[in-house]
Amino acid sequence: MSIWEYANPVKFIRTTDRLLPWLWGVAIACLGAGLIWGFFFTPDDFRQGSTVKIIYLHVPAALMAINAWLMMLVASLIWIVRRHHVSALAARAAAPVGAVMTVIALATGAIWGQPMWGTWWAWDPRLTSFLILFLFYLGYMALWEAIENDDTAADLTSILCLVGSVFALLSRYAVLFWNQGLHQGASLSMDAEENVADVFWYPLLVCIAGFVALFVALVFLRTQTEIRARRTRALRLRERMA
């Protein structure tokens, strides 16, 4: 079986219909367990107090905001190379979800940062690149809406996605590129000295799993909607031409 078989819209919808109940179940279970565990059954941090518990929303949302754009990049490259319409529609479907994740990350970052830094916002390298990434999300969605021809829109948004990927990577690695800045280092790292303590680490992993399952479920559902909307437009166009 080849992965390219799922470029067939009918097969994609049938397969994702089977997967969606499981994804919703995993998302609800992991988010419920992770957030309750993290907010109610972990201690306050010795420096940040109870403020640290926003990590269970901020870190997963920030990770998904970045990875959503990278998923859109992969889908856009598949469209450019192989012209599979499902991949272009999947990229389009992921954009609003990624944008919401970016807003959550920015908002929770401000709530987390205010008591730590004494300000709601600072032109820190990671914060700035994240804000630019959000603007790219808005531009990507606006470009899809502005162009009537779907194939032309897919071509132009794919190019925009390639450019925006620079800021997706900067958002992830800005702390490493620039030593200055208020933002702390990565909460999740292969370096044990940089990782959060285990008492915060385990519920954080559960929350991340929940956000991943939620993202995939929403993208599948929205891609199905995009496929059906495209079919509806095609049928209406045929009726007008008949």
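## Cysteines

Cys-161 is buried, with a relative accessible area of 0%; buried here means under 20% relative accessible area, exposed means over 50%, and partly exposed is in between, using a 1.4 Å probe and protein chains only. Cys-207 also counts as buried because its relative accessibility is 0%. Cys-207 is in no disulfide, and the nearest cysteine sulfur, that of Cys-30, is 8.8 Å away. Searching the whole structure turns up 0 disulfides, a disulfide being a pair of cysteine sulfur atoms within 2.5 Å.

Please keep in mind that this is a predicted model, where local features need pLDDT of at least 70 and side-chain atom pairs count only at pLDDT 80 or more, while totals for chains, interfaces and linings use all residues. Residues are numbered from 1 along each chain as its sequence is written, and side-chain values use heavy atoms, with hydrogens and water left out.

## Nonpolar cores

The largest nonpolar core has 36 residues, and Trp-69, Met-72, Phe-130, Tyr-137, Tyr-140 and Phe-215 touch the most other members. Such a core is a set of buried Ala, Val, Leu, Ile, Met, Phe, Trp, Tyr and Cys residues joined through side-chain atoms within 4.5 Å. Two or more residues come from each of α2 (55-82), α3 (85-117), α4 (125-146), α5 (150-177) and α6 (198-241). Helices are DSSP runs (H or I, at least four residues), as are strands (E, at least two), numbered from the N terminus. The top contributor is α2, with 11 residues. Apart from this core lies another, of 10 residues, among them Ile-54, Ile-55, Phe-200 and Ile-208.

What does Tyr-137 touch? Leaving aside residues up to four places away in sequence, its partners are Ala-65, Ala-68, Trp-69, Met-72, Ala-95, Gly-98, Ala-99 and Thr-102, with contact meaning heavy atoms within 4.5 Å.

Arg-92 lies in helix α3 and counts as buried, because its relative accessibility is 13%. Beyond residues up to four places away in sequence, Arg-92 touches Tyr-140, Trp-144, Glu-145, Asp-150, Arg-222, Glu-226 and Arg-233.

Lys-53 sits in the loop between α1 (9-40) and α2. At 10% relative accessibility, Lys-53 counts as buried. With residues up to four places away in sequence not counted, Lys-53 touches Gly-38, Phe-39, Thr-42, Pro-43 and Asp-44.
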